[in-house]
Each structure stands twice: as structure tokens, then as C-alpha cells.
Amino acid sequence: EVLQNHVLEAKVFHTEYGTGVAILTGAHRFSLTTNIDDLKLRRMPEVPGLQKPPSCWAVLSQDRVTIILLAVVQDLYLLDNTSCSVVVSEPRRVSAGSRAEKLCEFNSSIRSPPKQMVWCMRPRSRQRAVVAAWDRQLMVVGNSTECIQYPLGKRCHFQRPAQTAGLCGPSLGHCRLCQASQEIFKIASMAPGALLLEAQKEYEKESQKADEYLREIKDQKLLPEAVSQCIEAAGYEHEPDTQKSLLRAASFGKCFIDKFPPESFVRMCQDLRVLNAIRDYQIGIPLTFTQYKRLTIEVLLDRLVLRRLYPLAIRICEYLRLSEIQGVSRILAHWACYKVQQKDKSDEEVAHAINQKLGDTPGISYSEIAARAYDCGRTELAIKLLEYEPRSGEQVPLLLKMKRSKLALSKAIESGDTDLVYTVVLHLKNELNRGTFFMTLQNQPVALSLYRQFCKHQERETLKDLYNQDDNHQELGNFHVHSSYS
């Protein structure tokens with residue numbers, strides 16, 4: 001049905017089972033899965049008389065039960081596994097009861113319905129709001145008769161990210177502003193950060209008012225606090241111009257402070273460059289500053305790698321000067337493992353391209369990349385990649401796994417590691433019949449000599465067979481003499 005009628009709309013939701021997806025098809029039927037890692041698509045009951053997409057719908061999950069709540073004109077429906085039931089008609093008459101808590105009634109005075117509505121909450125408090133978006137306007141309505149309005153320069157889509165209680169979207173930034181931002185940008189603010197921002201703007205205009213603002217802050221000995229406020233507020237702004245304005249103010253204020261520690265300023269500049277890079281519409285990861293800090297740079301790099309944004313991930317590693325093993329080497333290894341899956345290029349081309357890119361980068365294991373190639377059914381490519389692996393101890397086990405035992409024996413002998421040679425010899429002994437095994441050792445004198453030493457201490461009868469195979473009558477005679485004494 002999905003292939004035939006296509007997907008009109010989809011919503012991602014989170015449950016105790018994992019990440020789920022619900023879809024509305026062109027036939028106006030709902031289907032969902034509660035865990036995309038274990039995909040079991042469940043078709044929900046049909047909504048009576050539904051001939052066009054609902055006005056709005058949402059997925060609710062509680063106590064291991066996932067349901068869909070949808071509005072069709074004035075009616076509210078509830079879809080569960082077995083049935084479709086009408087929750088309420090005429091939503092305007094809804095009152096607080098067992099199903100809902102009535103926060104307030106608000107008239108937007110806009111005749112057209114909103115394009116999108118999203119919940120927004122302040123953490124660790126009971127302050128809640130509904131954010132409603134139209135084509136060119138956005139409203140934040142709380143449990144009062146007032147609202148906050150934002151004009152939008154273009155059509156936007158807003159998303160309440162997991163693990164935070166704010167709202168992300170272009171032109172809006174973040175609904176939950178940090179305290180520093182509120183102090184600086186509220187009307188007629190006399191906060192140290194607000195005065196420092198004004199001082200810097202007046203300084204750029206070459207106005208003497210800059211000195212007046214600066215004196216007012218310095219007289220109260222609040223200049224360090226003003227600089228810190230501007231640095232902190234910059235992190236919570238999404239518009240680069242506003243970020244730069246705040247950071248310029250902080251830099252301006254630092255000039256008048258003896259021994260102001262620069263670490264916080266430098267770190268914020270770095271963090272904002274990374275955030276602005278991933279917020280670009282071509283990348284599309286609109287993380288807030290708080291999310292970025294909780295996520296850590298390692299997890300962010302993992303996300304970029306999973307999206308195959310390797311160049312950006314590498315540039316971030318180089319910019320933040322992460323260690324090669326933690327950063328660039330790990331990302332290049334992921335890239336190489338993806339590269340070996342490309343079927344349109346020959347084994348020679350792929351192996352050469354990987355070697356050209358990776359070279360002798362510390363922390364890179366060619367054997368791991370070769371193992372991925374082997375898992376993809378490209379044995380010859382795996383062997384070519386192993387040629388670039390400098391550690392024989394990493395080459396040999398994979399060659400044995402690929403049943404290239406003779407090549408593994410040659411590599412083990414080249415390494416000069418007797419333990420590694422013994423490992424391959426004993427593997428060959430179990431893999432080949434006795435005659436073939438002896439013939440293979442005949443072509444490798446080093447391996448044969450080591451195996452004789454092994455047999456002298458562990459398998460004396462096998463030693464006799466080896467001497468017979470070689471027609472070595474002198475050693476065979478010695479063997480019988482020793483046996484007689486024993």
C-alpha cells in the first residue's frame with residue numbers, strides 16, 4: 001500500500017523500544033513501527049469518512065501502548081491497535097477532565113489555521129506553551145491571555161528536539177533563551193552585558209557615548225560579568241550576525257580587564273564555528289548550544305560519519321586539533337570501509353584510492369578495512385589492502401580466515417615471528433591432508449625447520465614420518481637409536 005499510494009506525511013517519535021516512525025499514506029491510512037531497528041509495520045484502523053488528510057495529528061506513547069490522535073474539522077479521533085474512537089466533538093467546548101488539562105483559551109484573530117503547532121516547556125518547572133506557526137508569523141501562547149509574536153522572513157518548519165524542552169527553527173533560534181540573553185536583549189535593560197554591547201556599538205560609530213557606557217560598568221566593577229554575559233549569550237544565538245556582535249562586545253570589554261582568562265572566549269568561538277557549520281541548510285543538523293555540549297564532539301562526529309559527511313567531519317577535527325586517533329584517523333577508517341562497498345570500481349582502483357588517501361596515517365588499520373572488503377565478498381580487494389598493512393600479526397589471521405593459508409605462511413615467515421609461523425603451520429596441519437601438508441613445508445625451509453623442532457618435543461612419531469618423507473636416513477637412524485634408549 002505504501003509503495004502504491006506513497007507517503008503524504010511522517011512523524012518520528014520515541015518510545016521505550018527505540019525510535020519509531022508513523023506515516024500517513026495517500027489512501028489516508030495510518031501505519032507505524034515502534035522501532036526502526038526491528039522493522040514491523042503495523043497498519044492502524046481506518047478513520048470513518050476520512051477523504052483528505054486530517055487537520056493535524058500526533059503520536060502518543062505511554063505504558064507500552066502507542067496511539068494516534070488526529071483532528072478532522074471539529075472532531076477528535078483516537079486510533080489504537082484495534083479501533084478508531086471519537087474522543088470529542090466540538091473541541092471548543094472541551095473542559096478540564098480525565099483526558100485533558102485546560103490551560104487557557106486564546107484567540108489569535110487569524111482566520112487561517114496554523115501550518116504547525118508544537119509543545120514547548122521550561123525544564124524543571126510547570127511553565128508550558130504552545131507554539132503555532134503560519135506562513136509569515138509565529139506565536140508562543142502560554143497559560144495566560146497574552147502571547148509572544150515573531151515575524152518570519154520565510155516559511156519555516158519547527159522541531160522540538162529530543163532531550164531538550166526548547167524549539168529549533170530558522171529565524172527563531174531557540175524559544176528557551178538563556179538568562180544572559182534575556183538580560184542583554186530585554187527592553188531598556190541596564191544589565192552589564194547590555195551596556196557593554198551598547199558601548200561597543202557606539203565605539204564603532206566613534207561616539208563618546210562608548211566611554212560613558214564603559215565608565216558606568218567599570219564604576220560598578222561589573223566589567224568581568226559583562227564580558228562573561230556577552231560570551232554566554234553568543235552561544236544561544238542562531239544568527240551569526242548576532243553572535244559576532246556579542247563576541248565583538250566581549251572582545252572589546254576584555255581589553256579593559258587585567259589578566260582576563262581567554263579560555264572561555266576562545267572556546268565559544270570554536271563551538272560557534274562548529275555549530276554554524278552543521279546548521280547550514282546543506283547539512284541540516286540544527287543543534288542548540290546546550291544539545292551540542294550534552295552530545296559531546298565525539299557523538300557529533302559519529303553523526304556526521306553516519307551521514308557520510310566525511311570532509312566536514314575531518315575539517316572539524318583539524319580545526320579543534322583533536323588527536324589523530326580520536327579524530328581524523330577514525331573518520332578516514334570509516335570512509336575507507338564505505339569505499340570498499342562501491343561496486344562500480346575495480347579492486348585495483350579502490351585499493352589505490354584508499355592507500356593514496358590514508359597513506360601511513362597513525363591509528364589506521366588496513367586489516368580492519370580488508371576485513372570489511374572480505375565481508376562484502378571482495379576477497380581480492382581484501383588481499384590487495386593487506387599489502388599495505390605493515391603489521392604481519394594483523395595480516396595473517398585475516399588471510400587464514402580467507403583460506404589463503406600459503407600466503408599467510410609466507411607473510412608469517414617474512415615477519416620473523418616464530419610464534420606467528422607456528423600458528424600458521426598448526427592451522428595448515430589441521431586444514432590439509434598429511435601428504436599435502438608435508439609437501440607445503442618442503443617449499444618453506446624455515447617453516448619445516450620450526451615444525452621439526454616442535455615435533456621433537458611434542459609429536460616424535462610425526463618426526464619419524466618427516467624423515468621418511470625426506471629420505472633422511474641419517475636422522476632416521478638417530479631417531480631409532482634414541483627411541484631404543486627410551
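Is L399 buried or exposed? L399 is buried, at a relative accessible area of 2%, where buried means under 20%, exposed over 50% and partly exposed in between, using a 1.4 Å probe and protein chains only.

The views below come from a predicted model, in which local features need pLDDT of at least 70, side-chain atom pairs count only at pLDDT 80 or more, and totals for chains, interfaces and linings use all residues. Residues are numbered from 1 along each chain as its sequence is written, and side-chain values use heavy atoms, with hydrogens and water left out.

**View 1. The whole chain, for orientation.** There are 21 helices and 14 strands in the chain; helices (H or I, at least four residues) and strands (E, at least two) are DSSP runs, numbered from the N terminus. Of the 486 residues, 38% are buried. Take the contacts (heavy atoms within 4.5 Å) with a separation of 6 or more: 42% of them join residues 24 or more positions apart.

**View 2. L399 and its surroundings.** L399 sits in helix α15, which covers residues 392-401. Leaving aside residues up to four places away in sequence, L399 touches I383, L386, R404, S405, L407, A408 and K411. V424 is 25 residues from L399 in sequence, with a C-alpha to C-alpha distance of 9.9 Å.

**View 3. Helix α3 against helix α4.** Two packed helices are described by the angle between their axes and the distance between the axes. Here the axes of α3 (residues 192-204) and α4 (residues 209-219) come within 7 Å and cross at roughly 155 degrees. That makes α3 roughly antiparallel to α4. Axes are lines fitted to C-alpha atoms, for helices over the stretch in contact, and angles run from 0 to 180 degrees between N-to-C directions. Angles over 145 degrees count as roughly antiparallel, under 35 as roughly parallel, 65 to 115 as roughly perpendicular and the rest as oblique. On the α3 side, P192, L195, L196, E198, A199, E202 and Y203 meet K209, A210, Y213, L214, E216 and I217 of α4. Sorted by class, the residues of this contact are nine nonpolar, no polar and four charged. Ala, Val, Leu, Ile, Met, Phe, Trp, Tyr, Cys and Pro count as nonpolar, Asp, Glu, Lys and Arg as charged, and the others, Gly among them, as polar.

**View 4. Helix α6 against helix α7.** Helix α6 (residues 240-254) packs on helix α7 (residues 263-279) at about 170 degrees, with the axes 12 Å apart. So α6 is roughly antiparallel to α7. P240, Q243, L247, A250, S251 and K254 of α6 meet F265, M268, C269, L272, N276 and R279 of α7. The contact of α6 with α7 has seven nonpolar, three polar and two charged residues.

**View 5. H28 in its loop.** Look for H28 in the loop between β2 (18-25) and β3 (30-33). H28 is buried, with a relative accessible area of 14%. Its side chain reaches the backbone oxygen of Q51 at 3.5 Å. Not counting residues up to four places away in sequence, H28 touches L8, L50, Q51, K52 and P53. Phi of H28 is positive, about 60 degrees, although H28 is not a glycine.

**View 6. H6, another histidine with positive phi.** Most residues other than glycine have a negative phi. Phi of H6, though, is near 70 degrees. H6 lies in the loop between α1 (2-5) and β1 (7-15). At 54% relative accessibility, H6 counts as exposed.

Definitions and conventions:
A polar contact is a pair of N or O atoms within 3.5 Å; within protein, one must be able to donate a hydrogen and the other to accept it, and residues adjacent in sequence count only if both atoms are side-chain atoms.
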